[in-house]
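Here is a friendly walk through the disulfides of a protein model. Have the sequence and the structure at hand as you read.

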Amino acid sequence: MGTVFIEKFCFVVVVVLAVLIGSSEANGCDLFEGSWMHYFRKQMHCSSEQMHCYSKQMHRSSELMHCFSKLMQCFDEMAQCFDEMTQCFIQTRMNNTTRIIVSKQEQANVVRSNCNLFEGSWVIDDDVIEPLYNTTTCPFIRSTFNCTKRPDRQYLKYKWQPSGCDLPKFDGSAFLRKYKGKQIMFIGDSLSLNNYDSFLCLLYVSVPGVNHHTKSTNQSVTVIFEDYRVSVTLFNSLFLVDVEVEPNIGRVLKLNSIKNGEIWKQADILIVNTWLWWTRGGPKQPWDYIEDTDGKLVKEMNRVIAFRRGLNTWTKWVEREVDLTKTKVFYQGQAGSHHHGEDWGEPGVKGCSNQTTPVVGSIYPSGLPLPAQIMKQVLKNMTNSIFLLDITILSHLRKDGHPANHNGYSGFDCTHFCLPGVPDTWNQLFYASLLKLTS
């Protein structure tokens, strides 16, 4: 019944529409151009635009959902990274704490023991991955000691192992705190400079970003670590005794005169060295005459004798002028040059070029050099003893430690040592010796 009604209703609608269309066309009028159809078309057009807009919104929603998904993925990765960083931080703190404990134990062992720090041998250090510093991390390395062009790196992997104990690490931060407001002074020649640059680097890298400035005079250079008011000075003195220009005579090496001592004795720690220039002759000789201890002026004399007399003058000056309760005095032993292979058991070898390993063991084949023997004799005769940094044999064992022709020096340098390198061990020994003296 309902179906029949609907069919009849639809038929009537169709007939009426047909009539209306026919009538309108007969009168020259188009029903679909009327206002109602126009409104209907506009509504259909708006609906189409709405559908298009909706489609774009759906597309944007899809993109937003995709971005949100990627963002959540990033958050997951960041959380994982943060977890790893936290674990790394915890592990680093544990490692640093362990190192501090081990370092303090090593220091305590050295202080308590009667171990001779200067008897031992060079061994491979398996813990060394990178050197303590380099030309990027330390601004104090002179081109003379810069060995970055050296093709081999094995020389950086050795450590000095005393026979009866372990050598504690150099703790630059602890040193600066302990000697706040103090002056440390290196006195000597270019080997003192070698040692000085190493010392500055070891301090500098121990406190990253430390404020410092440098001041210079004709005879000295001083680096001041401002946060600690610690000043570290290099005073250039080739012979310890004076070289003065005398009218109508020229440059005179005075074996019985130390005028710079007034400056030196103001320091809290002195590290002193001499020998390298005592044997120089020809154009490199920095004096014209020698004034002996009795005042006699001579054109020439045995250089070893002159060295002994000059060293005696210095030790007497220390005993007479230096307050050893205030100032700690260290004498840095003669370092090793390597020009003749027979000295280390390789006859026919000239110079240190191509040397990549130390002499094996603790004995240097050619023995203790004469200047080192004299130095020990002179220091032994002192009433008030000073501390000998007896680096002679351990330095002679390191035939591989020199720049050779891989630095900023024109020629072969088999006298000074690369930085980083052997002088870092000199300062490590100085630090350990200072611990023993001040314990």
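## A first link

Which residues form a disulfide with their sulfur atoms 2.1 Å apart, one of them being Cys147? The partner of Cys147 is Cys418, and the two sulfur atoms lie 2.1 Å apart. The cut-off here is simple: a disulfide is a pair of cysteine sulfur atoms within 2.5 Å. The link of Cys147 and Cys418 is left-handed, with -90° about the S-S bond. Cys147 sits in the loop between E1 and E2, while Cys418 sits in the loop between helix H8 (392-396) and helix H9 (422-438), so this bond ties together parts 271 residues apart in sequence.

Cys147 counts as buried at 2% relative accessibility, and Cys418 counts as buried at 1%. (Buried means under 20% relative accessible area, exposed over 50% and partly exposed in between, with a 1.4 Å probe and protein chains only.)

## How to read the model

This is a predicted model, in which local features need pLDDT of at least 70 and side-chain atom pairs count only at pLDDT 80 or more, whereas totals for chains, interfaces and linings use all residues. Residues are numbered from 1 along each chain as its sequence is written, and side-chain values use heavy atoms, leaving out hydrogens and water.

The element names come from DSSP runs numbered from the N terminus: helices are H or I runs of at least four residues, and strands are E runs of at least two.

## From a loop to helix H4

Another disulfide joins Cys138 to Cys201, with an S to S distance of 2.0 Å. This pair links distant parts of the chain, 63 residues apart: Cys138 is in the loop between strand E1 (120-124) and strand E2 (158-162), and Cys201 is in helix H4 (residues 190-206). The link of Cys138 and Cys201 is left-handed, at -80° about the S-S bond.

Cys138 is buried, with 2% relative accessible area, and Cys201 is buried at 0%.

## Between two loops

Cys352 and Cys414 also form a disulfide, with 2.1 Å between their sulfur atoms. The torsion about their S-S bond is about -85°, so this disulfide is left-handed. Cys352 lies in the loop between strand E12 (328-332) and helix H7 (370-380), and Cys414 in the loop between H8 and H9, so the pair ties together parts that are 62 residues apart in sequence.

Cys352 is buried at 4% relative accessible area, and Cys414 is buried at 2%.

## The overall pattern

How many disulfides does the structure hold? There are four. Counting bonded cysteines along the chain, they follow the pattern 1-4, 2-5, 3-8, 6-7.
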